[in-house]
Amino acid sequence: MDEPGRPSATGFLAVDGGNIYYEVEGAGEALVLIHGWLGNLRMWDFQAQALAGSYRVVRCDMRGFGRSTTEHVEFAYWADVAALLDHLGVDRAHVVGQSFGGTIALDLALARPARVASLTSVAGGVSGYVPGLQPEEDNVPWSDLDRLWDEKKWSELAELETRIWVDGWGQPNTRVSRTLRDSIKKDVLSTYQAENEEGLPQPLEPRAADRLGELTVPVLVMIGTLDEARSRATAAHLVASVSGSRCVEVAGVAHMIQLEAPERVSEELRDFIHDHPL
């Protein structure tokens with residue numbers, strides 16, 4: 001019998017020009033949790049433990065994050081997830097993605113619709129979609145992120161990322177617990193400081209923004225009321241563009257919803273998947 005809270009399987013999957021680290025817990029219908037740009041599969045620890053009693057929870061570190069690696073080759077994030085499902089013998093799964101992981105999950109649902117039973121976007125992106133916001137609506141210093149990256153000022157970049165995505169832009173840096181804030185910032189900084197080989201991720205073509213009408217799977221969109229304007233506008237656009245989709249707003253939470261409101265996210269996922277079985 002598997003020890004509670006411990007993965008039933010772990011390993012590395014060799015893909016073209018890379019190695020993907022993965023963990024599998026529990027049994028039942030497959031549930032894939034895809035992390036965002038600021039971390040790795042550990043960002044879903046709470047949900048994995050909460051849901052592994054009912055589902056076969058699959059997680060991986062995307063290329064360049066956590067324990068996964070890549071060479072300087074062309075690849076698609078969604079294709080890596082599909083390859084992992086193939087490796088694990090999973091024909092169809094409920095797919096959940098947070099932030100950039102939501103972009104990957106959406107791309108997978110469009111590229112391989114038969115593999116996705118339901119789609120949950122947790123403050124997720126839509127490839128190719130740029131909200132038409134006024135400057136006063138979107139005052140995040142995006143250009144500073146690019147500048148700090150180019151200058152390899154990793155500490156400053158990690159702090160700015162944390163202010164935007166963890167605190168919530170314009171919110172005090174004491175809004176979330178110091179433990180949570182420091183933990184995410186540490187993960188961001190360690191990823192940047194590692195300066196690992198960067199791959200050449202290829203976008204889905206045509207982009208998801210032009211294909212939302214193709215979605216036929218149940219879609220749940222979660223968004224925090226304190227998230228920055230682009231994320232909130234993207235969530236609204238996704239909901240408005242997909243017939244029958246459901247939106248859950250989480251009050252008093254910014255971008256890292258599954259870390260700020262772990263119980264709420266777990267409950268919403270359990271209810272949504274229960275209503276849409278394989």
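The questions and answers below concern aromatic rings and cysteines in a predicted model.

Residues are numbered from 1 along each chain as its sequence is written, and side-chain values use heavy atoms, with hydrogens and water left out. Local features need pLDDT of at least 70 and side-chain atom pairs count only at pLDDT 80 or more, whereas totals for chains, interfaces and linings use all residues.

User: Is the pair of Trp-154 and Tyr-192 stacked or edge-to-face?
Analyst: The ring centres of Trp-154 and Tyr-192 lie 5.5 Å apart. Because their planes meet at 20 degrees, the pair is stacked.

User: Is Tyr-192 buried or exposed?
Analyst: Buried means under 20% relative accessible area, exposed over 50%, and partly exposed in between (1.4 Å probe, protein chains only). The relative accessibility of Tyr-192 is 8%, so this residue counts as buried.

User: Which residue lies over the face of Tyr-21?
Analyst: A charge sits over a ring if NZ of Lys or CZ of Arg is within 6 Å of the ring centre and within 35 degrees of the ring normal. At 4.2 Å from the ring centre of Tyr-21, the residue over its face is Arg-67.

User: How many disulfides does a search of the whole structure find?
Analyst: A disulfide is a pair of cysteine sulfur atoms within 2.5 Å. Cys-60 is buried at 6% relative accessible area, while Cys-247 is partly exposed at 39%. Across the whole structure, the number of disulfides found is 0.

Definitions and conventions
Phe/Tyr/Trp six-rings, centres within 6.5 Å; stacked < 30°, edge-to-face > 60°.
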